[in-house]
Amino acid sequence: AWQVKTANGDINAAVPAPGAVGTQVELRDLFYNVPARKKFMRTDRTEFSHVDELLKRFALARPDVGFQLQHNNRMVRQFPPVRTDEEMLARLEAVIGKEFVEHVLNIDEQRGSFGLRGWVAEPRYNRPQADRQFFFVNGRVIRDRLVAHAIRQAFRDVLFHGRHPAFVLFLDMPFAGVDVNVHPQKHEVRFRDGRSVHDFLFRSLHHVLAQVSPEQQLDQAAVAEQQ
């Protein structure tokens, strides 16, 4: 392997180094030279939670990549690379929780240039807040009102008011059909044909949910009372 170090803006020449196959990136003191950033920092616990959430999104977006998170010299998260369906379920459990995996439904829909794949929880597994929702467009995690509305519409007949579904969904579409530069932090996107995207998401999720048996919905009230 080869090792390249950069510090204070200087990049050292690549030197031979031991290492496994692949690429390893290590960041230290990322904001050491950005004093203006310090006044916006919150407590260590809060800032670490932001890093932890970001790592979870990376872990879901790239299951083929292994991730490790260390904090105060302690290993906090460790996600080995995924090679099998069983290992993917293990990663989902590590990121979202065992209950999600126990109630998960696979989705793999294709229509024209649109593809939707991933996992959505049965309606009986629902949340009081939208804290277990991960949506990716061409591998990029986003939060979009059009997407959120399409998903709510698909679930409206199987969820109580005020409850939220859980999902990890990947929308694959032509890159020319989505603008990712409409938000400084790249959280939002703009679809060139929003109506087609909305219709595809709604129909795909509605098709999957229509196959859910009554037994997978009957104890919805019990789940709602417990959470």
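Which element supplies the largest share of the lining of the second largest pocket? That share, 4 residues, comes from α5, where helices (H or I, at least four residues) and strands (E, at least two) are DSSP runs numbered from the N terminus. The structure is a predicted model, in which local features need pLDDT of at least 70 and side-chain atom pairs count only at pLDDT 80 or more, while totals for chains, interfaces and linings use all residues. Residues are numbered from 1 along each chain as its sequence is written, and side-chain values use heavy atoms, with hydrogens and water left out.

The second largest pocket has a volume of about 470 Å³, a volume being the space filled by probe spheres set on grid points that are joined across faces, edges and corners. On a 1 Å grid over the protein atoms alone, a pocket is an open set of points where a 1.4 Å probe fits, with protein on both sides within 12 Å along at least five of seven lines, and lining residues have an atom within 4 Å of a point. Of its 19 lining residues, Ala130, Gln133, Ile142, Arg143 and Phe167 lie nearest the centre. At least two lining residues each come from α2 (44-61), β9 (133-137) and α5.

Two helix pairs are set out below, with axes fitted to C-alpha atoms over the stretch in contact and angles running from 0 to 180 degrees between N-to-C directions.

| Pair | Axis angle | Axis distance |
|---|---|---|
| α5 (145-155) and α6 (194-209) | roughly 30° | within 8 Å |
| α2 and α3 (85-95) | about 165° | 10 Å |

α2 is therefore roughly antiparallel to α3, whereas α5 and α6 are roughly parallel to each other (under 35 degrees for roughly parallel, over 145 for roughly antiparallel). In contacts, defined by heavy atoms within 4.5 Å, Lys56, Ala59 and Leu60 of α2 meet Arg91, Leu92 and Val95 of α3. This contact of α2 with α3 comprises 4 nonpolar, no polar and 2 charged residues.

The residues of α5 that meet α6 include Leu146, Ile151 and Phe155.

Key. Angles under 35 degrees count as roughly parallel, over 145 as roughly antiparallel, 65 to 115 as roughly perpendicular and the rest as oblique. Ala, Val, Leu, Ile, Met, Phe, Trp, Tyr, Cys and Pro count as nonpolar, Asp, Glu, Lys and Arg as charged, and the others, Gly among them, as polar.
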